[in-house]
Amino acid sequence: MENHGAKISVYLIPGQGADERLFSKLTLDERFKMKHIKYSTPVKHESMSGFAKRLAKQIDQTKPFILIGTSLGGMLATEMAFFLKPEQIILISSAKKRSELPFRYRFQHYIPVYKIVPPQLVKLGAKIFQPLVEPDRNKEKVIFKAMLNAKDPKFLSRTIRLIVNWNRTEHVENIIHIHGNKDSTIPIKNVKFDYSIEGGSHMMTLTRANEISSIIQSILKPF
């Protein structure tokens, strides 16, 4: 790909309980310009693919671009690859297809327990269980707490439905997957990864930003 001195846009898609602050400690060299995908709330009965298509309107497709997604953001990046033409896709702490999701999500596709949980209770549960399930987040407790507090309960509830009903069974080839071997949300045993972070948790985009940045730089070296 010929760059001719123009910066390549790198679109960053955060996780379900996060926003652009998740990527605040990532560093890329001057060839790249980081841009943040802003979440809206999924409409009722919207699919992962449909949500991805709406969010993709924020992407300038007239110029070369790269997608980096964490957790839910990685799933959305995987979907975008089927109707966009990114130069590269990088997933962090995520899943490329339904079979890489943990059992608790796949189980609810058939027994949808999530449907009876009110949105406010979903948010309360996230506040309680996030630090218990992923204690590594306490290294950046203030940021993670602020991001989760800022979330609309309806957004959290409807994105659970997106994940539970995600039907992706295949993925494109130009995906590089970075995963932590201490990820309790999407266990590493579930995924086929390209890079493993020793001791990395589901929160490592922020808590292990230096190591993640170094890996991303090596992946993007050819561009």
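**Briefing: salt bridges, helix packing and overall fold**

Glutamate 100 is buried, at a relative accessible area of 3% (buried means under 20%, exposed over 50%, partly exposed in between; 1.4 Å probe, protein chains only). This is a predicted model: local features need pLDDT of at least 70, side-chain atom pairs count only at pLDDT 80 or more, and totals for chains, interfaces and linings use all residues. Residues are numbered from 1 along each chain as its sequence is written, and side-chain values use heavy atoms, with hydrogens and water left out.

**Salt bridges**

- The structure has 9 salt bridges, each a side-chain nitrogen of Lys or Arg within 4 Å of a carboxyl oxygen of Asp or Glu.
- Glutamate 100 pairs with lysine 96, with the closest N and O atoms 2.8 Å apart. Lysine 96 is buried too, at 4% relative accessible area.
- Arginine 208 meets glutamate 211 at 2.5 Å, N to O. Arginine 208 counts as buried at 16%, whereas glutamate 211 is partly exposed at 35%.
- Aspartate 29 bridges to arginine 31, with 3.0 Å between the closest N and O atoms. Aspartate 29 is partly exposed at 22%, and arginine 31 is partly exposed at 23%.

**Helix packing**

- Helix α4 (residues 119-133) packs on helix α6 (residues 153-164) at about 85 degrees, with the axes 8 Å apart. Axes are lines fitted to C-alpha atoms, for helices over the stretch in contact, and angles run from 0 to 180 degrees between N-to-C directions.
- The two helices, α4 and α6, are therefore roughly perpendicular (65 to 115 degrees; under 35 is roughly parallel, over 145 roughly antiparallel, the rest oblique).
- From α4, the contact uses Pro119, Gln120, Val122 and Lys123. From α6, Pro153, Lys154, Leu156, Ser157 and Ile160 take part. Contact means heavy atoms within 4.5 Å.
- These contact residues of α4 and α6 split into 5 nonpolar, 2 polar and 2 charged (Ala, Val, Leu, Ile, Met, Phe, Trp, Tyr, Cys and Pro are nonpolar; Asp, Glu, Lys and Arg charged; the others, Gly among them, polar).

**Overall fold**

- The protein has 8 helices and 6 strands, taken as DSSP runs numbered from the N terminus (helices H or I, at least four residues; strands E, at least two).
- Along the sequence the order is β-β-α-β-α-β-α-α-α-α-β-β-α-α.
- The C-alpha atoms fill a box of roughly 55 × 35 × 30 Å along the principal axes.
- Of the 223 residues, 52% are buried.
- Among contacts with a separation of 6 or more, 68% join residues 24 or more positions apart.
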